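Okay, thanks everyone, I'll keep this short.

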Amino acid sequence: MTTARRRAHGVEGAPYAHPSPTTTLERARSAPYVFLLPATILFALFFALPIGYAVWLSLHKVQVKGLGLGSGARSEVWAGLENYTDALTDSELLDGTLRVLGYGAIVVPVMLGLALVLALMLDSDKVRLAPFTRLAIFLPYAIPGVVAALLWGFLYLPDVSPFSLVLERLGLPQPDLLDGGGLYAALSNIAIWGGTGFNMIVIYTSLQAIPAEVYEAARLDGASPLQIALRIKIPMVAPSLVLTFFFSIIATLQVFSEPTTLKPLTNSVSTTWSPLMKVYRDAFGEGDIHSAAAGAVIIAVATLVLSFGFLKAANSRSKQEAAR
């Protein structure tokens with residue numbers, strides 16, 4: 001009877017006994033790792049593993065014996081840094097890099113400048129139909145890059161473009177945006193049209209987070225709307241500007257879909273117009289997957305170095321301004 005009574009009251013041998021404090025502490029410590037496990041597995045499978053395989057490919061090459069016919073005629077051997085040396089001395093890769101740098105010199109400042117101006121305008125108290133305007137500016141970002149390039153390519157072609165027809169009726173010259181220097185403007189326009197909305201939303205969200213008391217104090221001090229924008233809003237959204245600049249640099253160095261889509265429309269876009277286009281041609285056009293892997297690794301390292309250097313410079317400047 002005593003044993004049954006004890007079990008009934010949960011004193012000894014109860015099936016619902018509370019865990020010990022040590023067990024609870026161990027579970028609490030292991031909980032973050034359990035939640036991180038799915039993301040870690042996906043990161044390893046779809047990010048770390050492909051990068052490691054690309055590095056492994058870049059350090060090997062295919063050795064052909066004889067005429068390359070029969071089993072064993074082609075074998076994969078260790079190449080060391082040979083593929084990297086060939087890629088860094090390849091004039092096509094260097095020319096493509098210069099073209100992308102010129103393309104980025106147009107896209108990044110214009111896109112971020114427009115995004116900042118539009119965000120400041122939408123943050124004004126006098127703006128009308130703000131929700132519709134935000135959606136209209138952001139909508140081009142929702143269109144895939146290939147579709148956007150096809151749409152603009154149709155508008156660039158002199159034979160089918162409605163703009164060319166209007167210019168012809170007005171007796172005005174019809175610029176060829178798919179040839180010469182106009183090609184940079186054509187490609188930059190596609191990127192600016194598609195990316196301004198995203199950057200505007202990021203900056204506009206930061207503007208909305210600024211306390212209203214800051215603006216009220218500035219108005220009491222006699223500051224005009226322009227002075228508030230230049231001396232309060234822009235400095236306070238500087239972290240968002242750094243973030244959007246960071247994303248824009250990465251997107252510029254990895255430009256691929258726009259020139260590839262416009263390539264069938266003009267002879268001015270070669271298969272190696274951008275570094276990523278050269279990597280694609282080497283891998284799937286010429287079948288040299290090892291040289292393509294070396295080129296991809298070089299592009300990734302260059303992007304990492306530039307991004308890390310920019311973030312480090314921005315952080316150092318922020319610390320200096322905070323110290324003042």
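So, let's start with a pair of helices: α8 passes α11 in a right-handed crossing. Keep in mind that what you see is a predicted model. To find the two on the screen, α8 covers residues 182-208 and α11 covers residues 238-253. Their axes sit 9 Å apart, and the packing angle is about 165 degrees. Anything over 145 counts as roughly antiparallel, so that is how α8 and α11 run relative to each other.

Who's doing the touching? From α8, we have Phe198, Asn199, Val202, Ile203 and Ser206. On the α11 side, the contact uses Ser240, Leu241, Leu243, Thr244, Phe247 and Ser248. And what kinds of residues are these, by class? The contact has 6 nonpolar and 5 polar residues, with no charged ones.

Next, one residue I'd like you to look at: Thr261, which is in helix α12, residues 257-262. Is Thr261 buried or exposed? Its relative accessibility is 14%, and the cut-off for buried is under 20%, so Thr261 counts as buried. Leaving aside residues up to four places away in sequence, Thr261 touches Val146, Ala149 and Leu150.

Okay, zooming out to the whole chain. We've got 324 residues, and 31% of them count as buried. The chain has 14 helices and 2 strands. If you take contacts between residues at least 6 apart in sequence, 64% of those join residues at least 24 apart. Last one, the surface: the accessible area comes to about 20,900 Å², and 67% of that belongs to carbon and sulfur atoms.

How values were computed: Residues are numbered from 1 along each chain as its sequence is written. This is a predicted model: local features need pLDDT of at least 70, side-chain atom pairs count only at pLDDT 80 or more; totals for chains, interfaces and linings use all residues. Side-chain values use heavy atoms; hydrogens and water are left out. Helices (H or I, at least four residues) and strands (E, at least two) are DSSP runs, numbered from the N terminus. Buried means under 20% relative accessible area, exposed over 50%, partly exposed in between (1.4 Å probe, protein chains only). Contact means heavy atoms within 4.5 Å. Accessible areas come from the Shrake-Rupley method with a 1.4 Å probe; for residues, only the protein chains shown count as cover. Axes are lines fitted to C-alpha atoms, for helices over the stretch in contact, and angles run from 0 to 180 degrees between N-to-C directions. Angles under 35 degrees count as roughly parallel, over 145 as roughly antiparallel, 65 to 115 as roughly perpendicular and the rest as oblique. A crossing is left-handed if the near helix is turned anticlockwise from the far one by less than a right angle, and right-handed if clockwise. Ala, Val, Leu, Ile, Met, Phe, Trp, Tyr, Cys and Pro count as nonpolar, Asp, Glu, Lys and Arg as charged, and the others, Gly among them, as polar.
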